[in-house]
Amino acid sequence: MKRIILSIIILFAASCKDNVPQQAPEQEIILKDNQVTIPENSPVLKKIKTITVSDQEYNHDITSVGTIEAIPNNYAEIASPFSGRVTKAFVNIGQKVSAGSPLFEVLSSGYLDIQKEYSDALNEAGLAEKKYKRQQDLVKHGVGIQKELEESETEFRNKKISLSNASTALKIYNSQGKGSGGLIVRAPIAGEVISNKIVTGQYLREDAEPVMIVAELSKVWISGEVKEKDLRFIKNGDQVSVKVNTYPDRAIAGKVYHINDWVDEATRSIKVLIQCDNPDRTLKPGMFATIIYSTDSENTIIIPTSALMQKDDNQYVWIKTGKNQFMKRNVTTAEASEKTVKITSGLKPGDEIMTTGGIYLLDVK
């Protein structure tokens with residue numbers, strides 16, 4: 001009896017199996033002459049997405065970093081021109097000064113020598129002038145000698161040159177040639193005292209480091225570098241946008257002030273100076289800044305980075321050529337971001353390209 005029941009079950013199962021519809025075997029993706037054909041029942045087909053490319057307006061923004069600097073003509077490091085002792089300080093740090101304002105006074109024997117040279121030259125020039133005029137008067141009245149007149153004239157001319165040199169030396173050190181012998185060191189430019197190491201009574205050497213800095217910071221430079229390949233997009237006078245970490249939400253305007261004439265061979269970069277207005281003195285020398293150069297817009301083809309494939313040194317995309325058919329086409333790219341890439345050759349407006357799914361065709365042979 002058990003054998004009969006088992007036979008019936010086997011026959012029933014075989015009959016049911018014959019009645020179940022069989023799934024068609026999956027067909028292979030075919031690659032021929034750089035063109036693939038994807039069968040209708042392939043799961044890869046469901047993963048593929050496409051777009052039609054077109055010309056788009058594109059701004060070639062270039063970003064670089066730089067350091068804020070004082071403009072050299074608006075920046076002065078001040079030291080004592082002679083060895084001597086500080087007898088008086090006239091300014092404090094943070095104080096605004098005009099060009100010629102007294103900063104500190106130094107009592108110096110070297111400066112006394114300059115004063116003495118001027119005084120001696122002044123006296124000698126006076127005596128030479130009197131002698132020359134006397135010889136002129138003698139010759140005029142017929143009792144003088146022409147040769148002595150010429151000699152006195154030459155001597156007077158030489159003494160005037162020596163006096164002029166001594167006077168120039170005094171002017172360099174901002175003095176009128178009078179006083180107690182103390183040299184008053186003055187501000188060479190208008191600005192603000194941003195560093196002051198002066199202590200009354202200290203002894204300064206003439207070869208010592210600067211003891212005071214005056215800077216005019218209403219305008220500053222930002223020194224940055226631009227890659228050689230991007231230089232063609234930048235010219236003097238271009239407007240740029242600047243950001244500093246201290247004020248992340250503040251947009252600061254600047255313009256290209258100078259582009260160096262030589263390339264750094266190690267980095268293949270070129271130094272560029274950006275000038276910025278700084279009326280509130282928020283931009284401090286030494287700060288780091290990000291510089292964004294906005295170039296002229298152009299119409300070009302931009303595609304998603306997901307559409308770009310690469311094999312060895314070749315970059316390519318899949319062009320839709322028919323129903324479920326795609327052809328591999330090499331392209332040349334330029335600037336790329338995280339999401340898009342600029343195409344310079346290989347595509348034209350109207351081409352339909354695969355943006356998603358190309359990864360599944362990498363191993364197709």
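Arg250 and Asp280 meet through their side chains in a salt bridge, 3.5 Å from N to O; the term here means a Lys or Arg side-chain nitrogen within 4 Å of an Asp or Glu carboxyl oxygen. Arg250 sits in strand S16 (residues 247-259) and Asp280 in the loop between strand S17 (269-277) and strand S18 (288-293), so this pair ties together parts that are 30 residues apart in sequence. Bear in mind that this is a predicted model, where local features need pLDDT of at least 70, side-chain atom pairs count only at pLDDT 80 or more, and totals for chains, interfaces and linings use all residues. Numbering starts from 1 along each chain as its sequence is written, and side-chain values use heavy atoms, with hydrogens and water left out.

**Salt bridges**

- By the salt-bridge rule, the count comes to 15.
- As for the pair we started with, Arg250 is partly exposed at 30% relative accessibility, and Asp280 is partly exposed too, at 42%. The scale runs like this: buried is under 20% relative accessible area, exposed is over 50%, and partly exposed is in between (1.4 Å probe, protein chains only).
- Glu192 pairs up with Lys96, with 3.7 Å between the closest N and O atoms. This one links distant parts of the chain, 96 residues apart: Glu192 belongs to strand S11 (residues 191-196) and Lys96 to strand S8 (residues 96-97).
- Glu192 counts as partly exposed because its relative accessibility is 24%, while Lys96, at 58%, counts as exposed.

**The four-stranded sheet**

- Four strands make an open sheet, ordered S10-S9-S7-S12, with antiparallel pairing. Helices (H or I, at least four residues) and strands (E, at least two) are DSSP runs numbered from the N terminus, and two strands pair if DSSP finds at least two bridges between them.
- At the edges you'll find strand S10 (182-186) and strand S12 (203-204), each pairing on one side only.
- Strand S9 (residues 102-107) pairs with S10 over five bridges, in the antiparallel sense. Among the bridge partners, Leu107 goes with Gly182 of S10, and Val106 goes with Leu183 of S10.
- Strand S7 (residues 84-89) is joined to S9 by four bridges, again antiparallel; here Ala89 stands opposite Phe104 in S9.

**Around Gln275**

- Gln275 is part of strand S17, and it counts as buried because its relative accessibility is 17%.
- The side chains of Gln275 and Trp221 are joined by a polar contact of 3.3 Å. That label needs a pair of N or O atoms within 3.5 Å; within protein, one must be able to donate a hydrogen and the other to accept it, and residues adjacent in sequence count only if both atoms are side-chain atoms.
- Setting aside neighbours within four places in sequence, Gln275 is in contact (heavy atoms within 4.5 Å) with Ile71, Lys219, Val220, Trp221, Gly254, Lys255 and Tyr257.
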